[in-house]
Amino acid sequence: MAEAFLQIVLENLSSLIKGEIGLIVGVDEEMNNLFSTLTTIQSVLKDAEMNRLQIEAIQNWLIKLSDLTYEIDDILDECATQFSISKHQNSKSSRYSLKKILFRRKIGTRMKQVTEKLDAVAAEFDRVAASLENGSILNASRVVYGREEDAEKIVDMLVNQVNDNQEITILPIIGVGGLGKTTLARLVYNDQRVVEHFDKCIWVCVSDNFDVKTLLKAMIESAAESASDLANLDTLQHRLREFLNHKKYLLVLDDVWNENQEKWSELKNVLACGSTGSSIIVTTRLKEVADLMGTLPSHHLSRLSDEQCWMLFKERAFGQEKEEYPNLEAIGKQIVNKCGGVPVAAKALGGLLRFKREETEWINVKESEIWELPETRILPALRLSYHHLPLALRQCFAYCAVFPRESRIEKGELIFMWMAHGYISPKGALEMEDVGNNICDELVLRSLLQYDSRNADEKTLIMHDLVRDLAQSIMENKIPGVQVQRANVRSASDHNKIREVNLGKKFVAFPKSNQSEMDMSFVLNNFFRLRILDASGTRINQLSSAVGNLKHLRQLNLSGTQIRTLPDSLCRLWNLQVLNLDDCEKLEALPKKTRDLINLRHLFLEDCESLTEMPSKIGELTSLRTLSQFIVGRNRGNRLEELQCLKLGGKLTIRHLERVENLMDAKKANLAEKENLLHLNLPLG
């Protein structure tokens, strides 16, 4: 991950050196020195990252380097922001004005200090470089093989069971990570015989958070019932009993780690309300969990045979290709033998080799030293997948570790987050969002991400547990840039290292009434290096002017809050790319100088029913790609013609069309030329 982010920093630094800042005496010298040192370090990073699991000294060195790289990125971001502001304001003041001289002096000093730190880190690496060895790396893939008999056996047991004692039957499915426990459970869950046999079917992803309150809420919501109004355990228990009472249900508890008898007994008592024939399937890696919960003998999931693994690998590596490659198939079968019968490993390696048809490339994978690394939870095949990713994809993949286990990740939201952290940038005619979309598709093709089969529109992504473990091992909690959630916002040790804070409702199941305001105030006054701030669904009703101090901020999500107005200081956020105000039903107005947000790309205003007018000259936001609502005004500066030069896409609702005075004014909006606009809503009145 350090190598991937360092490449981004080098590109940003190179751009600044070539631009106006490179002409400044003193600063240019420090920047060139910094560039030289970073380039030298980059040359050894690949070997260092390959050996991070073997050598603790290298692991510690990578953490220090990552720390410093983020600090450099902050300095470069401040430089770029300052010069962008000067250019936009078209300041006529002398380039030698006191304010500019002080800024340049400050930046020059910081550059010198960070270069000295970097030299020290480079010297430290020299002391451990002798420990390095070379290695190679690759990719991943997906399909169900070898589980038909398992599924048939479990389905038959469920629909034909004889239960004289009227207790709920509980079947544990047990096996090591990556064997396909969840896949098997879903095959059973979706079998038509099972669907017809049970009155209700519920699926809950448990993972390591066996909190009864959270699980009850998830069960209710799995059945398409709202639980947002249920704030305490009693009401949740009552609602679930109402839902399941005298009904024959199937409940799948996926990925359970809890070994606490009391917690399980508490949940089991609530579930005892179903009718005879109700069943629970539990998937787990732990025999202790199976022994604790099961009433039936555990179904032990065996590893796939080499032939089954080969079929899975072959489908991923060759796809629908008709041409045969007997030489590659022979090597591929040897690679498959190293997968240990684990489907996720076969998928990973098949996806990795999908784009490779040279025999030497396949041999490199077969003979890679990474197979010899000490065994960890991360399968060697998956480590190979990561290390053979192009640099542009590595940082994006590793970032996915910030999402909780079993999360359903919104594709568009993920792309915005990558943008906010600077992981993606435009390429030729492709805008940032297009590049992000392509990266998502490639990660799916390599099976490091998967499209959620429950959504046909391919807008939601999921990540296999073992793949997430891989991402987490790369990201690591010690490396800056990871998100901080409400639970530990005040305990974060170094505020200057935190780049993302999530206070949003989707990260906290039951927010306290006044906690949101206190947390937001704390964040605005302590976390000055933020790129992302999410307070969606919280109960805040005002935003402090201190938000204007978050000069690095790229994404601000206030959707679903009680906000009425926004402070004028918000318009000092020159780097802001995404402002989400969806469902802010009480929002009455946007700041008057919203047009100063020159880098704003997405302004979400759906269901802001109290909003009565647009700020003046919003048409000057030429970077804008989403404007979900526009309110036609009567004055110059907020008429329909403000849309003329905006390259809008997605959804757009235009309100108060009765204020358009004539046909020419309507044509000035140039709506017919906005080819990326997918939905246009023109409500009456």
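The second largest cavity is lined by Val-632, Gly-633, Arg-634, Arg-639, Leu-640, Glu-641, Arg-659, Val-660, Glu-661, Asp-665 and Lys-668; on a 1 Å grid over the protein atoms alone, a cavity is a set of points where a 1.4 Å probe fits but cannot get out, and lining residues have an atom within 4 Å of a point. The model is predicted, so that local features need pLDDT of at least 70 and side-chain atom pairs count only at pLDDT 80 or more, while totals for chains, interfaces and linings use all residues. Residues are numbered from 1 along each chain as its sequence is written, and side-chain values use heavy atoms, with hydrogens and water left out.

This cavity holds about 100 Å³ of space, where a volume is the space filled by probe spheres set on grid points that are joined across faces, edges and corners. Its lining divides into three nonpolar residues, one polar and seven charged; Ala, Val, Leu, Ile, Met, Phe, Trp, Tyr, Cys and Pro count as nonpolar, Asp, Glu, Lys and Arg as charged, and the others, Gly among them, as polar. A search of the whole structure finds six cavities of 30 Å³ or more.

Helices (H or I, at least four residues) and strands (E, at least two) are DSSP runs numbered from the N terminus.

Thr-626 counts as buried because its relative accessible area is 12%, buried meaning under 20%, exposed over 50% and partly exposed in between, with a 1.4 Å probe and protein chains only. Its side chain makes a polar contact of 2.7 Å with the side chain of His-602; such a contact is a pair of N or O atoms within 3.5 Å, where within protein one must be able to donate a hydrogen and the other to accept it, and residues adjacent in sequence count only if both atoms are side-chain atoms. Leaving aside neighbours within four places in sequence, Thr-626 is in contact (heavy atoms within 4.5 Å) with Arg-601, His-602, Leu-603, Phe-604, Leu-648 and Gly-649.

Elsewhere, three strands form an open antiparallel sheet in the order β6-β8-β7, in which the edge strands β6 (409-410) and β7 (450-451) each pair on one side only. Two strands pair if DSSP finds at least two bridges between them, and two bridges join β6 to β8 (residues 460-462), with Glu-410 standing opposite Thr-460.

Gly-341 lies in the loop between α13 (326-336) and α14 (343-352), and it counts as buried because its relative accessible area is 3%. The C-alpha atoms of Gly-341 and Ser-305 are separated by 5.9 Å, although the two are 36 residues apart along the chain.

Taken over its 685 residues, the protein has 53% that count as buried, and it contains 22 helices and 18 strands.

How values were computed: 1 Å grid on protein atoms, 1.4 Å probe; cavity = no way out; pocket = protein on both sides within 12 Å on 5 of 7 lines; lining within 4 Å.
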